[in-house]
Amino acid sequence: MRLSQVIELLGNSVLQVVNPGNTDPEFDHIESDSRVLRERNLFVCIKGSSFDSHLVVRELQRRGAVALIAELPIEDEEVVVPIVYVKSSRLVEALLTMEEYSHPYRKLTTIGVTGTNGKTTITTLIYHVLSSFERKASLIGTVRNVVGESVYSNPKNTTPGPVELAKLLQLSAEKKSEYFIMEVSSHSLSMNRVEGMRFDVGIISNVTRDHLDFHPTFDDYYRSKMRLFSLLKTNGIAIVNGDKINIADIHIARNRITTYGFGDESDYRIENLDISRTGMDFTIQTPYGSSHRIYSRLIGEHNAYNIAAAVATLNSLNYDLDHIAKAISSFGGVPGRFEFVEEATKYGFDVVIDFAHTPDALEKLLKTARRLTPGRLILVFGAGGSADKGKRPLMAEVSSKFSDVVILTSDDPKLDDPTEILSDLESGVDKFKPYLVIPDRREAISVALTLANRQDMVLIAGRGHEDFQILRDRKIPFNDKQVVKDILESKFRRHIKK
């Protein structure tokens with residue numbers, strides 16, 4: 001591709017072209033990572049949180065960049081390659097990268113899911129059902145990426161960057177996948193990482209407080225989620241939780257919007273929900289006048305919403321509801337999402353691991369647990385560092401309201417002071433209710449298990465499936481479920497022998 005073709009493709013995104021040599025260089029690759037730049041590359045300069053490639057343009061030119069895309073002024077007389085100034089380098093990177101890879105999403109039925117909570121469960125459930133129908137699908141998200149026979153655990157980001165996303169799409173097409181199902185984070189939408197992508201189905205599960213360390217306001221966070229629907233294909237449809245999202249905020253034709261929820265106006269309406277320790281069942285009324293009974297091993301009203309989102313999506317893709325319901329019944333859930341540690345049941349109490357790390361998710365977790373527990377709820381949780389500090393006291397307030405005993409502990413401190421995080425949490429705790437502050441997470445879990453009596457439930461929230469803690473520049477191996485099992489084995493070995 002030549003630079004003139006790029007300028008034409010970008011249209012109004014181009015602000016100015018500085019071309020000292022008045023040349024039209026040809027390039028064979030678009031790159032934004034200075035560490036892997038090669039000769040005959042077009043380089044996109046991006047100002048990141050820790051590195052700004054605008055500051056090393058002379059080195060980029062020396063290493064073979066034939067032209068530069070930039071959004072900030074470059075004032076270096078030594079730089080003589082053409083410079084194309086644009087409104088947003090990240091937007092241009094996404095658009096040009098997908099152009100370079102020939103828009104592989106066009107060969108796939110693409111499903112994007114966003115929302116504060118529920119993304120992983122919805123995407124994984126849709127993937128499970130399609131797989132049970134022997135349909136080839138790729139899955140991209142928080143817990144794992146699956147493309148063909150390859151499984152990549154613990155991806156760096158919930159939503160990949162433009163280059164990785166394009167490569168995953170291309171690989172999916174090469175592996176003859178029919179479907180590409182992905183979680184779409186608010187960060188990726190705000191930073192234009194998915195701007196080159198187009199979806200057949202876009203799903204929004206809910207929007208509640210989170211990531212206000214990144215988004216300046218809740219309204220900005222909310223609008224970033226709504227951006228998903230600007231990325232629909234021409235005939236793409238929106239699947240929306242009608243109880244949580246105002247469909248007036250979705251600027252596409254109403255006949256392209258399908259709602260689900262408990263509300264009477266929902267297209268896919270949830271009724272007669274019954275929850276037990278082993279699962280739940282409910283009726284779902286369809287927009288076609290039929291009703292279907294759904295049984296699932298998932299637990300909680302929030303999961304009824306997640307299932308309804310999957311049902312609405314799959315039915316819109318012309319799959320039979322009876323077949324969908326049968327496939328859902330075999331879905332065992334996502335690791336670290338209301339996951340029982342079965343080894344605890346022999347001692348007469350329950351232990352549940354969950355990923356809840358926002359006030360809303362924590363409240364849903366505790367309300368679900370309360371329905372299943374005749375005894376006390378003992379909650380162990382912390383808050384992540386380098387994140388929205390304002391939600392910390394709100395989470396603690398929720399924990400005091402719906403728990404019997406609260407144990408505050410560490411989560412992923414990252415670059416923040418663990419003591420400061422615990423202080424922020426403690427400021428929201430009801431001081432008239434039982435609580436402990438135990439910074440060491442392993443010790444906190446051990447104390448919770450010691451406090452548990454018959455018919456109690458110990459909830460360990462915040463980290464779910466994750467298998468390490470982050471403390472500044474160190475990753476410390478730590479998986480909540482495994483820690484519980486280790487403590488039970490050592491702490492109660494005497495009882496096991498009996």
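Let me start with a cut-off, since I will need it in a moment: a residue is called buried under 20% relative accessible area, exposed over 50%, and partly exposed in between. Please also keep in mind that what you see is a predicted model.

With that cut-off, Glu71 counts as partly exposed, because its relative accessibility is 30%. Glu71 lies in the loop between β4, residues 65-70, and β5, residues 83-86. If we leave aside the neighbours within four places in sequence, Glu71 is in contact with Lys47, His54, Val86, Lys87, Ser88 and Ser89.

Now to the helices. Helix α3, residues 89-100, packs with helix α5, residues 162-174, at an angle of about 25 degrees, and their axes are 9 Å apart. Since angles under 35 degrees count as roughly parallel, α3 is therefore described as roughly parallel to α5. The crossing of these two helices, α3 and α5, is right-handed.

Which residues meet there? On the α3 side we have Glu93, Ala94, Thr97 and Met98, and these meet Pro162, Val163, Leu165, Ala166 and Leu169 in α5. By class, the residues of this contact of α3 with α5 divide into 7 nonpolar, 1 polar and 1 charged.

Technical notes: Residues numbered from 1 in each chain as written. Predicted model: local features only at pLDDT ≥ 70, side-chain atom pairs only at ≥ 80, totals over all residues. Heavy atoms only, no water. Axes fitted to C-alpha atoms, helices over the stretch in contact; angles between N-to-C directions. Helix = DSSP H or I, 4+ residues; strand = E, 2+ residues; numbered from the N terminus. Parallel < 35°, antiparallel > 145°, perpendicular 65-115°, else oblique. Left-handed = near helix turned anticlockwise from the far one by under 90°. Contact = heavy atoms within 4.5 Å. Nonpolar A, V, L, I, M, F, W, Y, C, P; charged D, E, K, R; others polar. Buried < 20%, exposed > 50% of the residue type's maximum accessible area, 1.4 Å probe, protein only.
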